[in-house]
Amino acid sequence: MAAKHWKRRSLLIGAKSSDATSNSPSVPGEEITSNSEKLGSTSHGTFAKMKRFFERSFAADTQIDEIQQLSESDLKPLQDFNEAVVSYPKDHPYAQVVLGTFTSTSQSLVNQANVDKGVSKLFDTIIRVYGFLSEEDTPKKIDSKNVTLENKNDTLYNRNYTFYNRNVTKDVATDDKHVTLHDSIKASLDTLAKIAQVTSESTQFIKNYATTKRFWKRTGKDIISETQIIVDDYAKTLEHLIQNYRDSTACEIEINSHLEIGDINLEGLACADGAGLNDILSCFDGTRTEVLTEIISWIYDTNESVPRILWLNGQDGAGKSTIAHTVARWFTDAGGLGACFCFARDRLAERREERIFTTIARDLARGDPAFRRALADVVSKDRSLKTTYDVSLQWQRLIVDPLSKVGREIVGNVVVFIDDLDESGPDASRSHILSLLASTEAVHLPQNLRILLTSRPLPDIERVLGTVSHVKMISLDRIPAESARDITYYMKWDLLRCRDIGTLEIQSVVERSAGAFECARLHCEYMKRNRPGQTARERWEELMELVPKGRRTLMDGALELVLEGIIPNDPLTVSRFRSVMKQVMSNKKPMTIDELNVQRKQFPNEADLYDVGIIVEFMRPLLVGIHNRSSPVRLRHGSFYDCTTDPERSLTYFVCPVSELH
């Protein structure tokens, strides 16, 4: 690293100058000596020990509080990376997220005028990371490859094709290319994401170091020792991760977080349980590339005029939530500061809209010390903010005010994901939220804030968000060709083992799905499910016989057929299905299988005292959280709730009316 230029802070810790005009701060031990001379009856040995203690403390504080002024040569590796990253491969949106995090972090450091001497070694480590990123071989490992699988006889069930890896495109019906990740590239990107995460957190530690020191000093910790432990751990972790990347080996390093939260107390915030990120939702690799790329470009756009809000909308089952959760997971895994809040049709009784911004504020505070301090300062002055249901007050005091205060201390952008706003309930349940997002004040939100909102284009939402210029809109319903292409690609993979399902069968399902990924997924679930005495094509023929009628949709019909393959149509099994699903959907908080069984023991009817596993463990196509008995059981998609609570839509598998669930 270039020669360091140090400037010492003027410290007056516990010192009082006898001369108000003196320019030389007194050392605390000198005043103690003076006082000891005045108090002749006091032991000189005691004062001597105290003097030595204060002299050592003063020396330690002085050493820690030296400042390194950053020169152009110190920052050059960061600037070199910012220039080089433009040419890095970003064909795949995951790579775009990882490199975007590195760029945001480097820019945050470039804007840093100086660093404390105590963390200068950590700054040196980060500089070495950016040197590694600028090496010629580094970007080569994340260059996306399109590997296609030719079917020579133009049929999907030809036995002569060859597998290269699980991410091979079975390209038969079209010549479309899908940007997919080879396993080795995916592994390299995962490692690079961890490096980005640790680099971002290390930068946060540097930026918050002054406040962290004050907390350590107040609580009697050894500042030099605590600093050394953390700096060494970050350096060791980054060293191992970089070596993993160079060796293309699996990354199994545990990453320790050292973001000091101190004695800040945020207990008592009225938050919604289970409203966060859903790890199950993930875009099938190679699909939705254009939409994902557009969203990620919007997140990292540095233009001051970029809209702070993006509304992703589309019909039921179009894949809005899957896209949003994919971006959210990539972003947070790479070290970005984000919060995800989800509405759900089967959780209306919780009135989540009343706790939306307290929950988001809490989650942001968990990820950034500066925001946590600013939030704690706000609620300490008005404790009623912790439990207020006034959404406007939550928004201004718990989100906007803290971000405006500490925005420059946060590394990179802050992204808030609000998923399925249309599932909040009746129009009135979201009217205040919509008015806040559409207000003129929203035009001037902090520059580093992004809000990604998903919903169906219901009239009340479209009327508000569809008419304001500061809201960017992406409609999945307006890109039918891209949706059809991606659904086709997904179905080819999902039905790979269905030898009697060919191009024409797939295209017929794609056309009937009309852009709804969930509808296509249910068709696939039914076709690929083995049933004795029936072929996949015969099951396809059953699906083709479905016709919409009244409120009953094609998706409802496909769901009913999937349920028929899981739940035999006999009185006892159907009765137990209804009982268990009513229990699952009526609980205010999602429960695990074991918790559901404990609850069921309280049922008064002895006929209901059975293990819920005899139903839910067979419903993997429709439920999540059933892979073990300790995960919350939830619906995979809201369309199941809509269908099974409407007797006209669900027929045999009608559970109960909505009024009995809440």
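Here are some notes on the predicted model above, point by point.

1. **Overall make-up.** The protein chain has 662 residues, and buried ones make up 53% of them. Its secondary structure comes to 25 helices and 12 strands. If you take contacts between residues at least 6 apart in sequence, 75% of them join residues at least 24 apart.

2. **Strand E7, pairing.** Which strand is E7 joined to by six bridges? That is strand E8 (residues 414-419), and the two run parallel. To find your place in the pairing, go to Phe-341, which stands opposite Ile-418 in E8.

3. **Leu-337.** This residue belongs to strand E7, and because its relative accessibility is 7%, Leu-337 counts as buried. Leaving out residues up to four places away in sequence, Leu-337 touches Phe-331, Leu-364, Gly-367, Asp-368, Ile-410, Asn-413, Val-414 and Val-415. One of these, Asn-413, is 76 residues from Leu-337 in sequence, yet the C-alpha to C-alpha distance is 6.9 Å.

4. **Cysteines.** How many disulfides does the model have? The count is zero. Cys-342 has 9% relative accessibility and so counts as buried. Cys-271, at 10%, is buried too.

5. **Aromatic pairs, Phe-132 and Tyr-245.** The model has 16 aromatic pairs. Phe-132 and Tyr-245 make an edge-to-face one, with 5.5 Å between centres and 85° between the planes. This pair links distant parts of the chain, since Phe-132 sits in helix H5 (residues 120-133) and Tyr-245 in helix H8 (residues 223-247), 113 residues apart. Both Phe-132 and Tyr-245 are buried.

6. **Aromatic pairs, Tyr-490 and Phe-517.** Here the ring centres are 6.1 Å apart and the planes of Tyr-490 and Phe-517 meet at 55°, so the pair is tilted. Again distant parts of the chain are linked: Tyr-490 is in helix H16 (residues 480-494) and Phe-517 in helix H18 (residues 517-528), 27 residues apart. Tyr-490 and Phe-517 are both buried. While you have the rings displayed, there is also an aromatic cluster made up of Phe-81, Tyr-88, Phe-102 and Tyr-130.

7. **Helix H22.** In H22 (residues 593-600), the buried residues are Ile-593, Leu-596, Asn-597 and Arg-600. Looking down the axis of H22, these buried residues fall within an arc of 100°, so they line one face of the helix. Their cover includes helix H21 (571-586) and helix H23 (613-616).

8. **Asn-597.** Is Asn-597 buried or exposed? At 14% relative accessibility, Asn-597 counts as buried. Its place is in helix H22. Neighbours within four places in sequence aside, Asn-597 is in contact with Tyr-610, Asp-611, Val-612 and Arg-629.

9. **Tyr-610 and its arginines.** Tyr-610 turns up again here, with the charged end of Arg-576 over its ring, 4.7 Å from the centre. Arg-600 also lies over the face of Tyr-610, at 4.7 Å from the ring centre. Arg-600 is among the buried residues of H22.

10. **Positive phi values.** Most residues other than glycine have a negative phi. Ser-248 has a positive one, near 55°, and its place is in the loop between H8 and helix H9 (289-300). Arg-351 likewise has a positive phi, near 50°. The loop holding Arg-351 runs between E7 and helix H11 (356-367). With 44% relative accessibility, Arg-351 counts as partly exposed.

How values were computed
Residues are numbered from 1 along each chain as its sequence is written. This is a predicted model: local features need pLDDT of at least 70, side-chain atom pairs count only at pLDDT 80 or more; totals for chains, interfaces and linings use all residues. Side-chain values use heavy atoms; hydrogens and water are left out. Buried means under 20% relative accessible area, exposed over 50%, partly exposed in between (1.4 Å probe, protein chains only). Helices (H or I, at least four residues) and strands (E, at least two) are DSSP runs, numbered from the N terminus. The arc is that of the directions from the helix axis to the C-beta atoms. Contact means heavy atoms within 4.5 Å. Rings of Phe, Tyr and Trp (its six-membered ring) pair if their centres lie within 6.5 Å; planes under 30 degrees apart count as stacked, over 60 as edge-to-face and the rest as tilted. A charge sits over a ring if NZ of Lys or CZ of Arg is within 6 Å of the ring centre and within 35 degrees of the ring normal. A disulfide is a pair of cysteine sulfur atoms within 2.5 Å. Two strands pair if DSSP finds at least two bridges between them.
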